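Hello,

Here is the structure you were waiting for. Please look it over first; my notes on what was found in it follow below.

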Amino acid sequence: MKISTLLVGIAASQVLAYPGMGNTMAEIQARGDHPLERRSTELLGDLKTTSNSNLTPQGSTIKSILQGGSAIADSSTYSPPGKLTSDACKKSTLCIWYYIVQDLKGTFTDSSGCTDLGRGAIRQGFHDAATWDKYSAYGGADGSLLLSNELDRHENLGLQDIGAQTKTWYNKYKDYGIGMADLIQAAAMTATVCCPGGPRIRLFIGRKDDSRAGPTGKLPDQSQDAKALIDLFAAKTFTSNDLVALVGAHTASKQKFVDPSRSGASQDTTPSVWDTKFYSETLAGDNKTILIFHSDKSISGYSATKDQFKTFAGSNGKSLWSPAYAQAYFRMSLLGVNNLNNLTEITQVLPLPY
């Protein structure tokens with residue numbers, strides 16, 4: 001298992017850009033201290049065995065992103081040819097999803113920024129996908145969180161409101177041919193970009209739904225130490241730096257059940273905005289103004305993750321974190337999906353960043 005961090009400063013920005021580290025990386029890893037590591041480039045699903053000559057344009061794009069390309073979308077948008085109920089719209093996947101995303105958008109943002117349901121949608125996307133790892137025969141981004149009794153598990157406490165709302169959307173739009181797995185991930189990415197400062201992450205649909213409850217013991221817990229979390233995420237194809245990027249989603253988090261006496265306490269002072277205060281305020285350690293999870297505190301100080309954590313907390317942190325998070329969550333949204341070569345991109349229907 002690789003356990004490593006990015007060097008702060010110039011080295012951090014270079015590694016995030018995926019340069020070849022060559023013999024330098026090999027020498028560093030041989031020493032055992034692992035101060036440098038790029039993010040994961042491991043392939044997933046059917047792309048592990050699909051030759052380049054058999055890749056579809058969509059499969060090629062997904063492969064490129066998984067192997068280090070940017071997951072942040074450009075500013076291309078979509079204009080529907082008619083109303084949702086029109087024949088022209090019913091024939092267009094983009095048109096159907098355009099109206100769905102518009103519905104989600106109105107729920108995930110208000111005058112203050114991202115809403116509680118928006119926060120829930122981001123967490124819901126994680127919890128549906130993260131039931132998979134490399135040793136799982138099933139699970140992942142398959143909609144099982146809401147198609148089975150998975151939502152009743154203790155680790156999914158707090159997702160009941162967004163779960164109920166997502167089921168309402170699913171029942172509203174399922175006759176248009178959408179799947180629950182795609183809806184959950186579309187909601188997570190819509191909610192992310194609806195938070196002011198959030199990245200617009202490329203979005204693909206076509207996942208296969210599964211009504212079997214996902215495997216147990218695969219989700220992270222706030223009581224875990226950094227080393228256990230690194231191991232847990234490595235089994236899902238993430239590096240320790242990916243883990244540091246992903247926990248930054250706590251910038252939009254409010255807890256209810258970690259400490260019920262402080263229900264509603266946020267993990268940084270700006271939970272309606274997608275920024276890097278989570279990193280700097282976790283390092284500052286003021287557990288009265290915000291509620292700091294044990295897991296986050298452990299990651300912030302662990303030898304393999306502390307340098308990357310400090311980099312995201314720094315003055316250039318947002319410019320480094322946004323692409324790192326986008327790529328890591330793009331990977332998360334595809335865990336357990338075995339038909340990646342046949343997915344369809346619908347990024348154009350996502351809102352532009354606020």
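This is a predicted model: local features need pLDDT of at least 70, side-chain atom pairs count only at pLDDT 80 or more; totals for chains, interfaces and linings use all residues.

**The chain as a whole**

Residues are numbered from 1 along each chain as its sequence is written, and side-chain values use heavy atoms, with hydrogens and water left out.

The chain has 354 residues, of which 55% count as buried (buried is under 20% relative accessible area, exposed over 50%, partly exposed in between, with a 1.4 Å probe and protein chains only). Its secondary structure comes to 15 helices and four strands; these are DSSP runs numbered from the N terminus, helices being H or I with at least four residues and strands E with at least two. Taking contacts between residues at least 6 apart in sequence, 72% join residues at least 24 apart, where contact means heavy atoms within 4.5 Å.

**Cysteines**

A search of the whole structure gives two disulfides, a disulfide being a pair of cysteine sulfur atoms within 2.5 Å. With the bonded cysteines numbered in sequence order, the pairing is 1-2, 3-4.

The link of Cys114 and Cys195 has 105° about the S-S bond and is right-handed. This pair ties together distant parts of the chain, 81 residues apart: Cys114 sits in strand β2 (residues 113-114), and Cys195 in the loop between α9 (180-194) and β3 (204-205). Cys114 counts as buried because its relative accessibility is 1%, and Cys195 is buried at 0%.

Cys194 is in no disulfide; the nearest cysteine sulfur belongs to Cys195 and is 7.6 Å away. Cys194 is also buried, with a relative accessible area of 0%.

Gln124 belongs to helix α6 (residues 116-129) and is buried, with a relative accessible area of 0%. Its side chain makes a polar contact of 3.0 Å with that of Thr166 (a pair of N or O atoms within 3.5 Å; within protein, one must be able to donate a hydrogen and the other to accept it, and residues adjacent in sequence count only if both atoms are side-chain atoms). Apart from neighbours within four places in sequence, Gln124 is in contact with residues including Leu145, Leu159 and Ile184.

The axes of α6 and helix α8 (residues 160-173) come within 9 Å and cross at roughly 85°. Axes here are lines fitted to C-alpha atoms, for helices over the stretch in contact, with angles from 0 to 180 degrees between N-to-C directions. The two helices, α6 and α8, are therefore roughly perpendicular; that class covers 65 to 115 degrees, with under 35 roughly parallel, over 145 roughly antiparallel and the rest oblique. On the α6 side the contact is made by Leu117, Gly120, Ala121 and Gln124, and on the α8 side by Asp161, Ile162, Gly163 and Thr166.

Regards
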